[in-house]
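Have the structure open while you read.

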Amino acid sequence: HPFLFQSPRQTTAFSVSLVPLLNVRPNYNVREWRTYAFKQRISPRCSQSYFLSSMKVAVIGAGLSGLTSIKACLDEGLVPICFESSHDIGGLWRFKETPEPGRANIYQSVVINSSKEIMAFSDFPPPAELPNNMHHSEVLLYLRLYAEAFKLLQHIQFQDTSLDHPGQHLCIESFEGKYFHSWDYRSADDMQGKRVVVIGIGNSGGDIAVDISRVAEKVYLSARSGAWVVSRVGEGGLPCDLLGSSRLDMVMEKLFPSWVNKMVENRMPVVNDDLPARIISGRVHLKPNVKQFCGSSVVFVDGSVMDKVDVVVFATGYNYSFPFLPSALQAKSGYRLHLYKHVFPPTLTRPTLAVVGFIRGFGAVNPLAELQARWATRVFKGLSKLPSEETMIKDIDKDTENMHQRFACSDRNPIQVDYIPYLDYLAEQVGVRPNLLWLLLTDPRLALNIILGPCTSYQYRLTGPGQWAGARQAILTQWDRVVQPFKTRVVPEPETKPSSRRSTILILSGAALLCCFYYNKHYPTFFPVTLNNLKTKFYHF
């Protein structure tokens, strides 16, 4: 079952745990292994590596993070058993006509904020024909293709509700109209001609306000504070998150920080292509925070009152909880969970629990969750070591302090990380961080694509554990897959006609004559001297 609810506009809404069902401490010496084997009634002749290869790992949830966790287990020779409380994969990205209590949900018009190349798994590039910012149905299609390609479905137990927990409910007793949380919103079909107040200016609130404004009489978007609104479309019509997201851009931002970067860090931007146009056309009206509800009226903190309101939509985010874990493992550091590098509880005697996908950065969650899962499985096998408990706790406290100083963290946004540095840290733990200096010497073309191009997850399959032979080609062709969806209309190449050639010759001749006229007027001795010099050189030859 999903561990938490996040905003439906995130790339993934599920946090997944990886729990080894066998509490084995890897890398015993011979004497320790024989002692352990005797206690566990295992034949001492059975090699430790063989035993570790049969270690079973419980994966909770079959959403984006769950699927990549299953694959990470298979890549390391572990045996994953995934428990999914619904009847299908996809988690958040499986649209449900009827809300299912205890599960996150999306509305019919949801389009993913991250472009397909940024959100792609590291060894599975998305089909070139898919749009860059996919509809939720296309995201689910990509997940199905991923699960089928790596044979993940056979490791999932569906409709396992042993870890289920109830959803959230909100109420406003004095309001006479209809009200519900954005979790219940599907489409604007029943909003025709109504007066609607949407509370919350996050990604969901902006989307829902725009969606309803196409049919409603009035839409008011209430927010406690302002927001930066950015479009999915960047310069030249390309996906915005592919521009300015390279390693070189990261270095330049550190060397020359701008006020724009600081403002964005202090407040997570809202991704919406249509909201500015709906505001400027008067279809969506911005209002401050709501003070109270009186009958069918909504009173705002500035004293203004909206009468005859029919519907109130609470796009106020979600809380997260882990009701199936001991309270000691749910301790917090600031607003975030007390997890080492946002993955491992530091107080366990042995690292037998990992939280995957409960992370947020200025980029897609998929690459973050995938590298978290790859690191976790190697820790389970003893191929990667964690620091001591004391060291991990100090690191958590330091990370929390730095995070709160840089980012606007809160109960609704407890975690924020530097995207590329965090990816590189995880990659270093796994042993797959690309060596840029070596690549510059051996493969300059690839190195320049990595340094100057968008930071896509294929970079972490070039070398080390889990190396993929197609990673280089995936990086070199990523712009081809970006451009492919735009090629829906074949435009013939313009033919060069003789008349156009003559026009070009006439234009160049005219320009040459004008130059000659200019020099002859302002420098009367230029041409006689030049001709005399040429004549002298010719006779000398």
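What follows is a short tour of a predicted model.

**The chain as a whole**

The protein chain has 541 residues, and buried residues make up 48% of them. Its secondary structure comes to 18 helices and 17 strands. Look next at contacts between residues at least 6 apart in sequence: 70% of these join residues at least 24 apart. The chain exposes about 27,200 Å², and carbon and sulfur atoms supply 57% of that area.

**Helix α5**

Now find helix α5, which runs over residues 136–149.

Which residues of α5 are buried? They are His136, Val139, Leu140, Tyr142, Leu143, Tyr146 and Ala147. These residues cover an arc of only 155° around the axis, so they lie on the same side of α5. An α-helix has 3.6 residues a turn, so residues three or four places apart point the same way.

What covers this buried side? The cover includes α3 (64–75) and α4 (116–119). Just after α5 comes Lys151, which takes a positive phi of about 55°.

**Aromatic rings around α5**

The count of aromatic pairs comes to 14. One of them joins Phe124 and Tyr142: the ring centres are 5.6 Å apart and the planes stand at 40°, so the pair is tilted. Phe124 lies in the loop between α4 and α5, while Tyr142 is in helix α5, so this pair ties together parts that are 18 residues apart in sequence.

Tyr146 is buried, with a relative accessible area of 0%.

The table sets out the two pairs.

| Pair | Centre to centre | Angle between planes | Kind |
|---|---|---|---|
| Phe124 and Tyr142 | 5.6 Å | 40° | tilted |

Step back from the single pairs. Ring pairs link Phe121, Phe124, Tyr142, Tyr146 and Phe150 into a cluster.

**Charges over rings**

Lys71 lies over the face of Phe150, at 4.6 Å from the ring centre. Another case involves Lys341, which lies over the face of Tyr425 at 4.6 Å from the ring centre.

**A residue in another helix**

Finish at Glu253. Where does Glu253 sit? Its place is in helix α7, residues 247–255. At 39% relative accessibility, Glu253 counts as partly exposed, because that value falls between the cut-offs of 20% and 50%. Leaving out residues up to four places away in sequence, Glu253 touches Gly244 and Asn261.

Note on methods:
Residues are numbered from 1 along each chain as its sequence is written. This is a predicted model: local features need pLDDT of at least 70, side-chain atom pairs count only at pLDDT 80 or more; totals for chains, interfaces and linings use all residues. Side-chain values use heavy atoms; hydrogens and water are left out. Helices (H or I, at least four residues) and strands (E, at least two) are DSSP runs, numbered from the N terminus. The expected span of a helix is 1.5 Å times one less than its number of residues. Buried means under 20% relative accessible area, exposed over 50%, partly exposed in between (1.4 Å probe, protein chains only). The arc is that of the directions from the helix axis to the C-beta atoms. Contact means heavy atoms within 4.5 Å. Rings of Phe, Tyr and Trp (its six-membered ring) pair if their centres lie within 6.5 Å; planes under 30 degrees apart count as stacked, over 60 as edge-to-face and the rest as tilted. A charge sits over a ring if NZ of Lys or CZ of Arg is within 6 Å of the ring centre and within 35 degrees of the ring normal. Accessible areas come from the Shrake-Rupley method with a 1.4 Å probe; for residues, only the protein chains shown count as cover.
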